[in-house]
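Open the model in a viewer and keep the selection panel at hand. The stops below each begin with something to select.

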Amino acid sequence: MKDLYDVLIVGGGVVGSAVARELSRYQLKIGVLEKNLDVCYETSGRNSAVVHGGFAYDTGSLKARLCVEGNRMMGDLAEELDFPFLRCGKVLVGNTPEDMETLKRTISQGEANGASGLRLIGKEELHRLVPAVVGEFAMLSEKSGILDPFQYTIALAENARANGVDYYFDHEVTAIRRLKNGGYCLSTPHGEYESRWVVNAAGLGCKTISDMLGITGYRVIGSKGDYIILDKRVGHLLPMPVYPVPSNTYMGIHVTNTIDGNVIVGPNAEEVSDFRYYGVPQKNIDYLRNSASALWPHIERGNYIRNYSGILPKWVDENGVIQDFKIEIQDDIAPHAVNLVGIESPGLTAAVPIARYAIGLMKEREELKENPDFNPRRKGIVRFAGLSREEQERLIRENPDYGEIVCRCEKVTRAEILQAIHNPLGVDTMAGIKYRTRAMMGRCQGGYCQMRVEQMLEEELGRRPEEVLYARKGSNLLMGTAR
Ligand SMILES: Cc1cc2nc3c(=O)[nH]c(=O)nc-3n(C[C@H](O)[C@H](O)[C@H](O)COP(=O)(O)OP(=O)(O)OC[C@H]3O[C@@H](n4cnc5c(N)ncnc54)[C@H](O)[C@@H]3O)c2cc1C
């Protein structure tokens, strides 16, 4: 039996890590049980990375309220936690009278939700803001933005860790049992953990954990979206995300600028039951290109550098109608268990308000004492590539490891990779280095630097070559020595 926790959080994605960070404001012993080897291997690292304005959700819904709150606080959060965020705005582009009506309704709904900075713009202004777009008019959302979803999730987790939260990777929760003392015992392949409170922040695993808590009956479907990542060469043609006019349930295939200057194209929306398959078929790539080219005709195969996909956990009713976020405590069935179900989009934008809402439910049942030592600030790894020539020279003088470029595409230095290898969460995979530094994320996708990063992991952590993992268990990069 391991330590007794006040709160154990199942899932260390952006929501679980936001809950962990926000809970560390209080005097509580907190742990996160995460089945993967890092915090953003599932939906939190597989999305459009747009900080939504909050206009697309039904008035009165938690999605609307928590999205608007998340949007408002994102600037302060980014400053406190040192992750990249850009309030660049976003346009929904229309062409027909029906599109115009939908956009007017969207603005009214957004205003009723408390979203600000929404207005219709004509063709001239649209083409001044996004010269390379095709369309007659648009709705501009001035407060929408983009962020780095990896850095954001890692920042929340690292800040939680610095404030005393324990992270356990490779700890899949396989069973939950009620204890006589009212607490819970959570089984993992590495033993059992006891806690007074449990928070279900398991993303795609939300129904499984909810069932384990005894809260049964939820129907959660997967909606898979594929993306194409384009080279930075075309980044200057897209200063803000460009969306089509949305339907009631789907935002449509859009083109989005990323915080590092790439462009992503997607997602489609395919209902799936396999929550582990992230492959992107060629037919979907072609479909994305054809659909998005009507909005932004600069999607050329020569600029494709990678594909990825993500799966949204959508809670639906018996008729298949998509429901709001569910954030609940069912005192009669599972007291002291906060159950989060169907945290689909805008879960990235709303993660911290979701966490605060969940903690609010706990506070209705138990007094939480403030942690006087809580430090809201966290410092990330300085990006050498983003510095001025003078700042780069100063860093190299102070530490010669900044003078050695390991990833040539993204200009990532040895000093940054060393900091990433010795990260506060103890993550030791290649993908962990990639998400923390952008090494292997450039045009050559690691063709040049991948084995250098692998070697640094061996040297720094004392690993044998065949022990180094790409991302998941079983993803060993090397099999042994060829003689
Ligand atoms: C295609 C797509 C586009 C999106 N675009 C946007 C966007 O632009 N803006 C926006 O705001 N939102 C967007 N979202 C939504 C957003 O990404 C999610 O709402 C958010 O990442 C959910 O975070 P999470 O922590 O709940 O889930 P996850 O990141 O999936 O985290 C859950 C964690 O729980 C772990 N876990 C599961 N089961 C267990 C278990 N039994 N034991 C231990 N650990 C377990 C998983 O390994 C995982 O790490 C998008 C999502 C998708 C798929």
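At what angle do the axes of helix H2 and helix H8 cross, and within what distance do they come? Select residues 62-81 for H2 and residues 347-363 for H8: the axes come within 7 Å and cross at roughly 110°. Axes here are lines fitted to C-alpha atoms, for helices over the stretch in contact, and angles run from 0 to 180 degrees between N-to-C directions. H2 and H8 are therefore roughly perpendicular to each other; angles of 65 to 115 degrees count as roughly perpendicular, under 35 as roughly parallel, over 145 as roughly antiparallel, and the rest as oblique.

Before going on, note that this is a predicted model, in which local features need pLDDT of at least 70, side-chain atom pairs count only at pLDDT 80 or more, and totals for chains, interfaces and linings use all residues. Residues are numbered from 1 along each chain as its sequence is written. Helices (H or I, at least four residues) and strands (E, at least two) are DSSP runs, numbered from the N terminus.

Now show the side chains between H2 and H8. On the H2 side, Leu66, Cys67, Glu69, Gly70, Asn71, Met73 and Leu77 meet Thr349, Ala350, Ala351, Val352, Pro353, Ile354 and Tyr357 in H8. Two residues are in contact if their C-beta atoms, placed from the backbone, lie within 7 Å.

**H10 and its neighbours**

Select residues 414-421, helix H10, together with residues 450-461, helix H12. Their axes come within 11 Å and cross at roughly 55°, and H10 and H12 are therefore oblique to each other. This crossing of H10 and H12 is right-handed; a crossing is left-handed if the near helix is turned anticlockwise from the far one by less than a right angle, and right-handed if clockwise. Ile417, Leu418 and Ile421 of H10 meet Val453, Met456, Leu457, Glu460 and Leu461 of H12.

H10 and H11 pack at an angle of about 120°, with their axes 9 Å apart. Glu416, Ile417, Ala420 and Ile421 of H10 make the contact with Ile433, Arg436 and Thr437 of H11. H10 and H11 are therefore oblique to each other, and their crossing is right-handed.

Which residues of H10 are buried? They are Arg414, Ala415, Glu416, Ile417 and Ala420. A residue is buried if 20 or more other C-beta atoms lie within 10 Å of its own, exposed if 12 or fewer, and partly exposed in between, with C-beta atoms placed from the backbone.

**Strand E1**

Go to residues 4-10, strand E1: five of its seven residues are buried, so E1 is largely enclosed by the rest of the structure. Six bridges join E1 to strand E12 (residues 191-200), and the two run parallel. Two strands pair if DSSP finds at least two bridges between them. Within E12, Glu194 is the bridge partner of Leu4. E1 is also joined to E2 by four bridges, again parallel, and Val7 stands opposite Ile30 in E2.

Select Ser48, in the loop between strand E2 (30-33) and E3. Ser48 is buried, with 22 other C-beta atoms within 10 Å. Leaving out residues up to four places away in sequence, Ser48 touches Thr256, Ile264 and Pro267. Gly266 is 218 residues from Ser48 in sequence, yet their C-alpha atoms are 7.9 Å apart.

Next, select strand E15 (residues 254-257), whose faces are both covered: His254 and Thr256 on one side and Val255 and Asn257 on the other are all buried. Strand E16 (residues 263-266) runs antiparallel to E15 and is joined to it by four bridges. Val255 has Val265 in E16 as its bridge partner. E15 and E16 form a hairpin with five residues between them, and Gly261 in the turn has a positive phi of about 95°.

Three strands form an open, antiparallel sheet in the order E3-E8-E4. Its edge strands are E3 (50-51) and E4 (85-86), each pairing on one side only. E4 and E8 (residues 145-147) pair over two bridges, with Phe85 opposite Leu147 in E8.

Last, select helix H5, residues 149-162. Of its 14 residues, 13 are buried, so H5 is largely enclosed by the rest of the structure. Just after H5, Gly164 takes a positive phi of about 100°.

Terms used
The expected span of a helix is 1.5 Å times one less than its number of residues.
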